[in-house]
Amino acid sequence: MSIVVTGATGALGRLVVERLLATVPAESVAAVVRSKEKAAALATRGVEIRVADYSNPETLSGAFRSGDRVLLVSGSEVGKRVEQHTAVIEAAKAAGVAQLAYTGVLGGPDADFLLAAEHKATEQLILDSGIPYTFLRNGWYTENYTANLGPVLEHGAVIGNAGEGRVASATRADFADAAAAVLTGEGHLGEAYELSGDVAWSLADYAAMVSEATGRKIVYTEVSAAAHQGILVDAGVPAPFAEILVDVDEAIRRGLLAGTSGDLARLIGRPTTPASETIAAAVATA
């Protein structure tokens with residue numbers, strides 16, 4: 001039996017692997033990756049490398065073994081994920097894995113925004129498969145904001161259509177720690193965890209945190225959904241993805257990413273990382 005992480009060289013997957021390596025012997029960890037070369041550093045540390053691609057089902061036949069505990073990190077290609085996840089689920093079922101943990105979205109079946117649709121479909125596929133499961137319904141990453149600090153600092157403004165809605169964000173490292181805890185612990189089968197930060201904040205709060213970190217005046221500028229989409233497209237964001245981002249702001253406006261269940265802090269055994277701390281670190285390296 002191995003603990004298997006798919007997408008193990010991606011932004012979230014690599015953090016899960018690092019947490020596992022701090023917890024269990026390297027020989028008990030397997031990394032499913034598309035590129036063996038990108039995983040070379042993991043191989044030198046004793047991690048088993050299994051090469052497979054979500055988009056090529058035939059490659060997944062050797063990705064899993066009977067009794068494995070598997071983390072399915074959701075694919076990054078919006079619009080293709082249901083097909084890709086179906087291939088992974090079918091391979092996991094055929095192999096007889098003991099657990100399939102999936103990184104979905106906060107709210108699960110109650111999340112009614114565009115980005116949630118493929119996650120909800122994937123959860124249903126897993127339920128229909130009969131594989132023992134754990135749903136890790138991840139909220140918003142604080143890094144979704146700090147990765148795009150450039151325009152905020154350039155213009156002195158946070159632009160959005162989220163109104164006074166709030167986001168209970170946490171860092172990728174927080175979510176990775178939760179995934180590792182579920183993969184190495186007991187009592188998680190059949191559970192669905194609503195994972196979010198301990199504190200929910202608004203985009204006005206975000207602007208204030210950036211102001212505090214920079215010593216500059218940063219404001220939140222509320223615009224309509226249509227105006228926001230136009231701004232994003234003019235900045236080079238593809239129209240379909242701009243529509244998704246605008247729809248996420250609408251979900252925030254409606255409170256769908258504000259939940260603070262405490263599940264994440266309980267799984268990781270500590271408070272979640274404050275957004276202000278992540279923002280300050282990002283500003284320092286911007």
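Strand β2, residues 29-33, runs parallel to β3, and four bridges join the two. Strands here pair if DSSP finds at least two bridges between them; strands (E, at least two residues) and helices (H or I, at least four) are DSSP runs, numbered from the N terminus. Val32 stands opposite Arg50 in β3.

A word on the source. This is a predicted model, where local features need pLDDT of at least 70, side-chain atom pairs count only at pLDDT 80 or more, and totals for chains, interfaces and linings use all residues. Residues are numbered from 1 along each chain as its sequence is written, and side-chain values use heavy atoms, with hydrogens and water left out.

Now the whole sheet. Seven strands make an open sheet, ordered β3-β2-β1-β4-β5-β6-β9, with parallel pairing. At the edges are β3 (48-51) and β9 (191-195), each pairing on one side only. From one strand to the next, the twist averages 20 degrees.

Next, the helices. α8 (203-214) packs with α12 (275-285) at about 50 degrees, axes 9 Å apart. Axes are lines fitted to C-alpha atoms, for helices over the stretch in contact, and angles run from 0 to 180 degrees between N-to-C directions. That makes α8 oblique to α12: under 35 degrees is roughly parallel, over 145 roughly antiparallel, 65 to 115 roughly perpendicular, and the rest oblique.

Which residues of α8 meet α12? Tyr206, Met209, Val210, Ala213 and Thr214 do, against Ala275, Ser276, Ile279, Ala280 and Val283; contact means heavy atoms within 4.5 Å. Of the residues in this contact of α8 with α12, eight are nonpolar, two polar and none charged; nonpolar covers Ala, Val, Leu, Ile, Met, Phe, Trp, Tyr, Cys and Pro, charged covers Asp, Glu, Lys and Arg, and the others, Gly among them, are polar.
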